[in-house]
Amino acid sequence: MSGLQSLRLVRVSAVSGRRILAARVISFIAALAVGAVVLAACGFDPLHLGTQILKKSLGSRFGLEDLGLLLTPLILTGLAVTVMMKIGLWNIGADGQFYIGAFAATAIGLFVKGPEPAMLVLCFIAGAAGGALWILVPTLARAYGKVDEIITTLLLNFVALLLVYYVATGPWRDRTTGTVASTGRVPYEMPDFFGSLHWGFVIALIAPVLFGLLLRYTKWGYEIRLTGANPEAAHYAGIPVRRRMITIMLLSGAIAGLAGMLEVTGTVHRLQGGISNNYGYLGVMVAVLARGSPVGVIAGAALMAIILNAGIILQTQGLTTAAVLALTGLIMMFTAVADQFAHYRLVRALPVPAASAAAG
Amino acid sequence: MTDIPALATLEQPVIALEGIGKVFPGVIANADVDFDLRAGEIHALLGENGAGKSTLMNILTGIYRPDSGRILLDGVAQAFNSPVEAIAAGIGMVHQHFKLVRAFTVAENVHLGWKETPRLASAQVLEARTRELSERYGLAVRAEARIDELSAGEQQRVEILRVLARQARVLILDEPTAVLTPSEARTLFKALRAFKAAGNSVIFISHKLDEVLEISDRVTVLRGGRKVITEPTANCTTTKLAQLMVGREMVLGGLREAMTPRDEPGRVVISLENVSAADDRGRAGLIEASLPVRAGEILGIAGVAGNGQRELSEILTGVRKPTSGKVLIEGVAVEDPSPALFLDIGVGHIPEDRLRSGVAPSLSVSDNAVLRAYTEPPIAQGILFKPGAADTLAREIAADAEVTLPSLRTPIRNLSGGNQQRLVARREMRIARLAIVAAYPSRGLDVGAISTLLRYLIDLRNAGVAVVLISEELSELFDVTDRIAVMFKGRVMGLFETKDADLETVGLLMGGQTKPATAPTVEAA
C-alpha cells in the first residue's frame with residue numbers, strides 16, 4: 001500500500017506504429033549515448049567520431065555510393081525474410097541462398113559466352129533459380145513433413161558457404177592473377193548509374209514496393225495475408241494453404257539468390273568465400289526492424305547500412321572491429337527492448353480507500 | 001433450508017461488495033451492485049448473458065478495476081490489483097474457459113505459480129503432493145496425466161484443486177456445469193457441499209435455474225448490470241427466478257409460430273453415411289455417423305460440447321476429411337470434399353471457435369468480412385483484389401449485423417466477442433444458398449440478439465435452406481428445430497422429430513444413457 005506499489009506496468013495488446021517509432025527513436029539515442037560514454041571513457045572523442053561518420057557517409061558522394069552498395073543486398077535479404085514472415089515462417093537461410101545465387105550467376109558468367117544484356121538476364125534467372133533451389137528441400141520438408149524451417153534453412157547456410165569456398169579456392173580459382181581465394185573476373189557487369197552504384201540498387205528499391213502492392217491489391221496477396229494471419233481460417237476459406245506456403249518459400253529463396261547475383265555482377269565481380277558479408281543474417285535483423293512491412297524493409301536496411309558504414313569509418317579512426325560490433329549490438333539490443341516497452345503502459349494501481357475502511 | 005443462513009446474518013459477511021459500478025465504452029456492465037457472501041454458504045449469481053455476472057466477479061478478483069463502489073473483505077476495505085493478490089487473500093476463481101497449461105501434467109499445473117511449490121522438486125514429488133491434496137479435498141484427479149488427455153470434467157477438478165490447494169475459503173465458479181455431463185455435475189455438487197460444510201463459501205455463477213435451485217442457499221439476480229434481488233433459495237421457484245432474470249415477457253416466444261408448417265420432409269441436400277473422422281489429435285472424433293440434412297428444415301444437434309460436434313460441423317462443410325464413410329451432396333457421393341467445394345455450392349459455416357477458425361484476428365474487419373467473397377466480383381477483378389469494394393461489403397455486413405465499427409481498418413480482435421460473432425454469422429448467412437451449419441451461434445449474445453439470430457435461421461429455413469443448429473441449450477433446440485439429433489462420444493445417439501421428442505429422453509442420451517424403453521421416439525432416417 002506504499003507509494004511505490006501504486007504504480008504498475010500493464011501490457012496493452014494493440015500498439016500504434018507511431019508509438020513504436022517513438023520508442024525506437026528514444027532507444028537509438030539512448031544506445032548512442034551509452035556508446036558515447038564508453039568511447040569517452042576509453043579516451044576517444046565521441047563528438048569528433050560522430051561528425052566523421054556523418055561527413056564520410058552521408059556528406060560525400062563516395063559515402064553515398066558505398067551506402068547504396070550496402071543497401072542493395074540488405075534490402076533484398078531483408079525482403080526475403082519479410083516475405084516468409086508474411087506467411088508465418090522464418091527464413092534463416094538467406095545467407096545460403098545468397099551464396100548459391102552468387103554461385104549460379106558466376107557459373108553462367110565464367111562458362112557461357114554471349115552478348116552482355118542477354119547474359120545478364122540469364123545470370124538474373126540463374127541467381128533467382130539458385131536461391132529458390134537452395135530452399136526447395138526445407139520447403140518440401142515444411143509443407144509435407146512439418147519439419148521446422150528455422151533449423152533446415154539455417155543448416156543449409158553452412159553447406160552453401162563450404163561449396164562456394166571449395167569452388168573459389170579449387171576448380172574455379174583465378175589462375176591468371178594468382179589469387180588463392182576467389183574466382184576469375186565475371187565478364188558481365190550490371191551497368192552503373194551513379195558513380196559505382198549499379199542498377200541493382202534500383203531493382204532492390206522496386207522489389208519491396210512491388211511485393212507490398214501484390215499483398216494489398218491482388219487476390220493472391222489477400223490469400224497470403226490470410227494464410228499468414230491464421231492458416232486454419234485460410235483453410236476454411238478454401239485457400240490451398242500448402243501450395244501458397246510453397247510458393248512463398250520459393251519466392252523468398254529466389255529474392256535472396258537474386259541479392260547474391262547482384263553482388264557478383266554489380267559490386268564484387270568475382271565469387272569469393274566471404275562474399276555474403278553476413279547479409280543473409282543481417283536480413284533477419286532488417287526484417288525484424290521492419291516489423292513485417294515490405295516497404296519498411298527499405299528503412300530497416302537503410303539504418304543497418306548506415307551502422308555498417310559507420311563501423312567501417314570508425315575502424316579507420318582507430319577503433320577495433322570488436323568495439324564496432326559491440327556498438328552495433330548495443331543499438332540492436334536497445335531497439336528490441338524499445339519494441340517490448342512500447343507494449344507497456346504505466347498505470348496507477350487502484351488506491352485503497354483506507355479512511356473509509358475504518359469508518360465502514 | 002437450514003438454520004445456518006439465519007445464524008450467519010449475525011456474523012460479518014466474508015465478502016461485501018458495495019455500490020459497484022463499471023462502464024465499458026458504450027456499455028454499462030455494472031451499476032450500483034451490492035452483494036454479500038457469508039461463511040458457509042453457496043450463493044448463486046444468476047442472470048442472462050451480458051447481465052454483468054462475470055464483470056462483477058472479475059472486479060472482485062482484481063482483473064478489472066471498478067469505476068465506483070468498494071470491496072470489503074471481513075469488513076475491511078480491500079482492493080486486489082490482480083488475481084494473484086485475490087488468491088493470496090483466499091479468493092479463487094475457476095473460469096468458464098480453463099486456464100491450464102495443456103502440455104503440462106496435472107501435478108505441474110497444480111504447482112504452477114504457487115509459493116509453496118518446493119524449489120527443487122522431481123515429478124514424483126509433485127505428483128505425490130498432488131495425490132495428497134486430491135485426497136484431502138476429495139477431488140479425484142490423475143496427478144501424472146497431461147491436461148490434454150483429460151475430459152472437461154477432469155480439467156475442471158484440476159482447476160478447483162489448484163484453487164483449494166492455495167487455501168481458498170471463497171471459491172468462485174463461472175458457469176461450471178456448461179461443459180459437464182450430468183454425472184460429472186453431480187460429482188461437482190457433492191464436492192461443493194463438502195467444501196461448504198467445512199465453513200467455506202462458494203459463489204456459483206449460472207443461468208441455469210434448476211441447478212441454482214438445487215445447489216444454492218441464496219440467489220442474487222442481476223439484470224442489465226444491476227442487482228434485482230437477493231433471496232434465500234428456499235423462497236424461490238423456477239418461474240419466479242425466470243421472471244426476475246428476464247424481467248419482461250420472454251423474447252424467445254413466438255419463434256415456433258414463425259416457422260411455416262411443412263407437410264412432408266424436405267429433400268435431403270447433404271447426407272452422411274457411416275462417416276468417421278479423426279479429431280485434431282488423431283483420435284476418433286466422429287464415429288460412424290449417419291445423418292440426413294434436409295432442405296427447409298432446421299436440424300438440431302444436441303449434446304454436451306466436445307462430443308464430436310466440431311468434427312461433425314467440419315465434415316458438413318468440407319473443412320475436415322472423413323477417414324471412412326461417404327458424404328453425399330444432393331444424393332451424389334463427393335470424392336474429395338474441400339472447403340472450396342462447399343463454398344461453391346453455397347454452404348455457410350458459423351464455426352464454434354471463431355477466433356481459431358472463423359476469422360484472422362490480426363487482420364482488419366474489412367479483410368475478415370470478405371473471407372467468403374474475395375474470389376468474385378466486385379471484390380475480385382481478374383487477379384486483382386479491390387480494397388474499396390471489400391470495404392463496401394464490410395460496411396453492408398456490419399449494417400446487417402447491427403455492429404457499429406470504429407473503423408474498418410481495426411483488427412477484428414479488437415471487437416467484442418459478441419460483435420465478432422454477429423459479423424461472422426451475417427457473413428455466412430450471405431453465402432448460404434443450400435445450407436448453413438451454425439455451431440453454438442448464440443454463445444456470447446444477449447437474449448435480444450439470440451432471438452434475432454434464430455429468427456434469421458428460421459427465415460433461411462422457410463426459404464428452403466437446410467439449417468444445422470448445434471447447441472447445448474436444449475430449450476433453444478426444442479424452440480426452433482424440426483428434428484433433433486443427439487451426440488455422445490462421437491456417435492449420433494438418436495434422431496427425433498422435435499414434436500415427438502421429450503426433454504427427458506434427449507437429456508439421458510446426452511449423458512450417454514440409453515433411453516427408457518417406454519419413450520415414444522421416432523427414428524427418422
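This report covers the fold, surface and a nonpolar patch of a predicted model.

## Basis

In this predicted model, local features need pLDDT of at least 70 and side-chain atom pairs pLDDT 80 or more, while totals for chains, interfaces and linings use all residues. Residues are numbered from 1 along each chain as its sequence is written, chains are lettered from A in the order written, and side-chain values use heavy atoms, without hydrogens or water.

## Overall build

Chain A holds 15 helices and four strands. These are DSSP runs: H or I of at least four residues for helices, E of at least two for strands. The C-alpha trace spans about 95 × 65 × 35 Å along its principal axes.

Of the 360 residues in chain A, 47% are buried (under 20% relative accessible area; exposed is over 50%; 1.4 Å probe, protein chains only). Take contacts (heavy atoms within 4.5 Å) between residues at least 6 apart in sequence: 78% join residues at least 24 apart.

## Surface and charge

The accessible surface of chain A is about 16,600 Å² (Shrake-Rupley, 1.4 Å probe). Carbon and sulfur atoms own 71% of that surface.

Chain A carries 25 positive and 14 negative side chains (Lys and Arg against Asp and Glu; His and chain ends not counted). The centres of the two sets lie 11 Å apart.

## Nonpolar patch

A:L9, A:M333, A:V337, A:F341, A:Y344 and A:L346 form a nonpolar surface patch with about 600 Å² of accessible area together. Two elements of chain A each give two or more residues: α14 (321-341) and β4 (344-348). Helix α14(A) gives the largest share, three residues.

A:F341 lies in α14 of chain A. A:F341 counts as exposed because its relative accessibility is 52%.

Notes. Patches are made of residues with over 30% relative accessible area and no salt bridge: like charges are joined within 9 Å, nonpolar side chains (Val, Leu, Ile, Met, Phe, Trp, Tyr) within 5 Å. A salt bridge is a side-chain nitrogen of Lys or Arg within 4 Å of a carboxyl oxygen of Asp or Glu. The place of a charge is taken as NZ of Lys, CZ of Arg, CG of Asp or CD of Glu.
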